[in-house]
Amino acid sequence: MSDLDELYQEVILDHNKSPRNYRVMSDANRKAEGYNPLCGDHVTVYLHLEDGVIRDASFQGSGCAISKASASMMTAELKGKSEAAAHQLFENVHKMLTGDGDGENGDEKVGKLKILSGVCKFPARVKCASLAWHTVNAALQGENKQATTE
Amino acid sequence: MKAVSHLAESRAPSGTFDVMRLREDFPILQLKVHGKPLVYLDNGATSQKPQAVIDALNRYYSLENSNIHRGVHCLSEQATTAYEAARGKIREFINAGLDKEIIFVRGTTEAINLVAQCYGRSFLKAGDEIIVSAMEHHSNIVPWQILCEQTGAKLRVIPINHDGELVMEEFRRLLNDRTKFVSITHVSNALGTIVPVKEIVALSHERGVPVMLDGAQAVPHLRVDVQDLGCDFYAFSGHKLFGPTGVGVLYGRAELLEKMPPYQGGGDMISLVTFEKTHYNVLPYKFEAGTPHIAGGIGLGTAIDYLLTLNWHQLAAHEHKLLSYATDALSSIDGLRIIGTAKEKAGVVSFVLDHVHAHDVGTILDQEGVAVRAGHHCAMPVMQRFGVPATTRASFAFYNTIEEIDVLVRAIHRVRKVFG
């Protein structure tokens, strides 16, 4: 598979075309906005937390296929996870995207998100994929935080 | 779409415009990217450098390196002579009246900040108005916003129409007794629009309002004559004019520059320093504190020497051919919309593709060896005006070819294929 085919896999294109959990959440108790000042991409992440567990996750915003697919898959993956597990997932995904991972047991550490690993071959696009993750990290730290990729 | 034919009065020799021969002057154009020949269509961001400029930098550091305006030794005198000769070439290139009206700066951004701070803070006060346009680069917005915060002056914005042209009636309406400064781009970096700056200068001067022009995107395409335009300040960057990065030019009318305080304090900008009082140096040195980018200044002079060997009539005709060919070819792609369809345009085709974000377009084009800019082009208000988050921008230089535009078009079809 070429680098480009690896980046734009069917699953990613599908999440881009029909993003999951793409909605404003009226009963969110955690929310954060994320900006990529370099390109103007913008995402808002909503979480509903109960007893330290993410019961619901959604997002809205504008960005490229990579950022949209990443946010879409992220919200699907976060539902039902504890705050601690969500934070660990953020760390693991970040390592995968920046190519810092140990390359072993990758599937177990990031689950379905492994499909985003092709991004690390496109340094200019790493921030597209990580924007939603930085944003959810800010949301977990408190209400109405802002995150940037810088 | 009409041609850019402002490039009159070429001082260059006549002859045929052989683009393939000219491309040999630019070593980087022989490169391959991802195994494909480089198709460099990001000239609006920065242009490539001819061998002559690369050689000038090499020669300076190998044989001439020394500080200027200081040493009594041979090398320092040579470096000073070469640097000041570059100033003279720049003056001639934009037809300024005096060498001392040419201030070396880091680039267009610094030139605009210099004028905002040195002119603006001295002569503007609360309630005064500064006019810019809705198609400015951030570097011609933010320095004025900073000045407004400092002085209480207000920023007024000339709107643009759906083609990306200034609405001149609105400009006439905005000009009033409170207007104390006008700063406008000559050519839009995001849209390619050529702005009727001569008319803007004339209307502003009727009211005694000084005008600054951001020429960063104009000088690579149009022969600029600052005296003919009548502007008070004109700014451009060396690196977009086939010269080195880190050096640029502020032209200012001597009468205004004389009245302005220095921008930064330091060496070279003084004539006498005591702890009681410091006397500033004369123009242009008053605005050139510290050791400048000597190699850069000399390199920019060399870029201008190179440009003057070209026939600018033919260069303009070639660039017009590229623009109209690209406009036609891109327009015929399904779901592609060109942003910026002004009657008078220079060297830029900005576009959006249905259901595909500019970043994804940029990444796929890059895999085909095609370098374009994808994003907001440091002109977020322009993106807002057209209701798009970002565009893909192909920006041309005289060394681009029709065949390269064909490669661009094929690469866009590949984007379509990937995204189904």
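Trainee: Hi! What order do the seven strands of the open sheet in chain B come in?

Mentor: Hello! In this predicted model, the order in chain B is β4-β10-β9-β8-β7-β5-β6, with mixed pairing.

Trainee: Thanks. Which strands stand at the edges?

Mentor: Those are β4 (102–105) and β6 (154–158) of chain B. Each has a single partner strand, so one side of each is left without a neighbour in the sheet.

Trainee: And what does the twist average from one strand to the next?

Mentor: The average is 20°.

Trainee: Let me zoom in on β7 and β8 of chain B. Do they pair in the parallel or antiparallel sense, and over how many bridges?

Mentor: Parallel, over four bridges, with β7 covering residues 179–185 and β8 residues 211–214 of chain B. If you want a spot to look at, B:S183 stands opposite B:M212 in β8(B).

Trainee: Nice. Switching to helices: at what angle do α2 and α10 of chain B cross?

Mentor: Roughly 145°, and their axes come within 9 Å. Here α2 is residues 51–64 and α10 is residues 294–307 of chain B.

Trainee: Is that crossing left-handed or right-handed?

Mentor: The crossing of α2(B) and α10(B) is right-handed.

Trainee: Which residues meet there?

Mentor: From α2(B), B:A52, B:V53, B:A56, B:L57, B:Y60 and B:Y61; from α10(B), B:A295, B:I298, B:G299, B:T302, B:A303 and B:Y306. By class, this contact has ten nonpolar residues, two polar ones and no charged ones.

Trainee: Last one: how many residues of chain A are in contact with chain B?

Mentor: Twelve, and they touch 14 residues of chain B. The chain A side divides into eight nonpolar, three polar and one charged.

Terms used
Residues are numbered from 1 along each chain as its sequence is written. Chains are lettered from A and ligands numbered from 1 in the order in which they are written. This is a predicted model: local features need pLDDT of at least 70, side-chain atom pairs count only at pLDDT 80 or more; totals for chains, interfaces and linings use all residues. Axes are lines fitted to C-alpha atoms, for helices over the stretch in contact, and angles run from 0 to 180 degrees between N-to-C directions. Helices (H or I, at least four residues) and strands (E, at least two) are DSSP runs, numbered from the N terminus. A crossing is left-handed if the near helix is turned anticlockwise from the far one by less than a right angle, and right-handed if clockwise. Two residues are in contact if their C-beta atoms, placed from the backbone, lie within 7 Å. Ala, Val, Leu, Ile, Met, Phe, Trp, Tyr, Cys and Pro count as nonpolar, Asp, Glu, Lys and Arg as charged, and the others, Gly among them, as polar. Two strands pair if DSSP finds at least two bridges between them.
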